[in-house]
Amino acid sequence: MDVGKYDLNDTAIMQFDPKEKEMALTTKNLQVYYGDNHAFYDGSLQFERYKITALIGASGSGKSTFLRSLNRMNDGIAKVDGNIWYRSLDINSSAINVYEMRKHIGMVFQRPNPFSKSIRENITFAVKENGIKDKKKLDEIVESSLKRAALWEEVKDQLGSSALALSGGQQQRLCIARAIAMQPDILLMDEPASALDPISTLKVEETMMELKKHYTIIIVTHNMQQASRVSDYTAFFHLGHVIEYDKTKNIFTFPQKKATDDYVSGNFG
Amino acid sequence: MNPKTINKFALNTIKVIAGLVVIILAFLIGRILIQGVPHISWHFLTSPSQEFVSGGGISYQLFNSFYLLVLTLLISFPISLGAGIFLSEYAPKNWLTEILRMSIEILSSLPSVVVGLFGFLLFVVQFKLGFSIIAGAIALTFFNLPLLTSNVEQALNSVSDLQREAGMALGLSKWRTVIKVIIPEALPGIVTGIVLGAGRVFGEAAALIYTAGQSASTIDFTNWNPFNAASPLNWSRPAETLAVHIWKINSEGIMPDAAAVSAGTSAVLIIVVLIFNLSARYLGNKLYRKFTAAGK
């Protein structure tokens, strides 16, 4: 099947009315270049607060590139043009303190990447670097973060042992706990379950449903069942373009564009 | 021949070659130990050497070797750590970095006698340091620096980029990520490299003959003021090391027991280097376990 047959400029992007709904993050005309390679074109998306938004699309569609641009993880790797509005600040401007910004916009990666430190230190490390030294306060943060990441019951008796001894699924939830210990507003997740077995995947998904009470989540996923299970909104990416953005239900049942329809029904590529 | 026979033939050839290497090594080390160990005694290790009569020891040389090693590491480790961090974490991928990396490689393949003569001309003569421990330590730094730098760079490179991303995504600056995440993880590799390098430095002779000198000035082991010429810690005195001592005895030694002293000294040298190597493995493993399986 010829993937080039879709009109990449024929798009259906849902717009929110900011007066009615609170936006956590808004991108405006975001463009990403790797050298001469224009990897992502003109992304203008709004992300509603306390919702889960899924970014779906085939490999190379630009969804991870887009996601990594949102907390400036592409700095020094790619050139990112356009605006990313967060609390009336354009965090894509060069004046922004990216280290401070990343404390508000956390990230969980595809492969679990705990530090080779103890479980407790994995969580307290960045918090301590941030100036919180009080032992009691740190213990509270460890407990609350692990509880929110649904890991507390499994590890509460072994907080001092190495994080690397945990299973892959537990490691990934530890990485989530580590990210939320910084009390971010927004959590970016780059295929957080793709390296996990189905049971661990379900656990991570349950964790996400719990987390959206307190955080805005933007998740890249290859797994369409996952997108339909956990997300409120879904954006479909194709060849560096956002083709369609809508409520998840609409994307999976009444997609407006042929490319989206083909992708979600598995007739694609 | 069928693939199975070829495979068997290749395997056996490799086994023979590997066996040959082991035999040569075992023969060398065994011979040195068999000839030298009987001569090692407390008296041998703790008394000064003699030039004309028998019964001399190697106390000065032994101390000098260790002292020189410590000084060399004190100078070369901070520099190589900084250079290694720069190369691994910060250096942009451009021609300047490539030239830097190539220079380090070239420096590491310099014959040690060239390093020694360079040290002699520049530090001993030009900078008027004379034959001294400090001149020797600087020469050995030239000798050790490239290997240590590559070692640090490789140890840091072997840490997964996922760890760097993890640190960055938590709002840590690059520097804090390197200091608090990457270096602790690379530490076992770095320590192993230091100890193995120490073994090389410990056995080095050619670079020292022209810099630290070939005479073991009298040391007063009760005087620890580094500015006193007789103090063991004084770094401007000439200092013969174990390896230089071996070379000197064999080229111009006239004491009656020259052969035995040489054999004993060689055995001590080999044993110390073996200890370095074994402890490098032990330390590396222990640190690795400490930082990954954190059993506290």
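Colleague: Let's start inside chain A. Which residues is Leu146(A) in contact with, leaving aside its neighbours within four places in sequence?
Modeller: This is a predicted model, to be clear. In it, Leu146(A) is in contact with Ile119(A), Ile123(A), Leu151(A), Trp152(A), Val155(A), Leu159(A), Leu174(A) and Ala177(A), once those sequence neighbours are set aside.

Colleague: And how many residues does the largest nonpolar core have?
Modeller: That core has 64 residues, and Leu146(A) and Leu187(A) are the ones with the most contacts inside it.

Colleague: Which element gives the most to this core?
Modeller: That's helix 8 of chain B, with 7 residues. There's also a second, separate core of 41 residues, which includes Tyr60(B), Leu62(B), Ala239(B) and Val261(B).

Colleague: OK, switching to the interface. What area is buried between chain B and chain A?
Modeller: About 2000 Å², with carbon and sulfur atoms giving 58% of that. In residues, 21 from chain B are in contact with 26 from chain A.

Colleague: How many salt bridges between chain B and chain A?
Modeller: The count is 2. Glu129(A) and Arg176(B) meet in a salt bridge through their side chains, at 2.7 Å from N to O.

Colleague: Which elements of chain B give two or more residues to the side that touches chain A?
Modeller: Helix 7 (161-169), helix 8 (174-202) and helix 11 (258-292) of chain B. Helix 7 gives the most, with 7 residues.

Definitions and conventions:
Residues numbered from 1 in each chain as written. Chains lettered and ligands numbered in written order. Predicted model: local features only at pLDDT ≥ 70, side-chain atom pairs only at ≥ 80, totals over all residues. Heavy atoms only, no water. Contact = heavy atoms within 4.5 Å. Buried area = accessible area lost by both parts, 1.4 Å probe. Salt bridge = Lys/Arg side-chain N within 4 Å of Asp/Glu carboxyl O. Helix = DSSP H or I, 4+ residues; strand = E, 2+ residues; numbered from the N terminus. Core = buried A, V, L, I, M, F, W, Y, C linked by side-chain atoms within 4.5 Å. Buried < 20%, exposed > 50% of the residue type's maximum accessible area, 1.4 Å probe, protein only.
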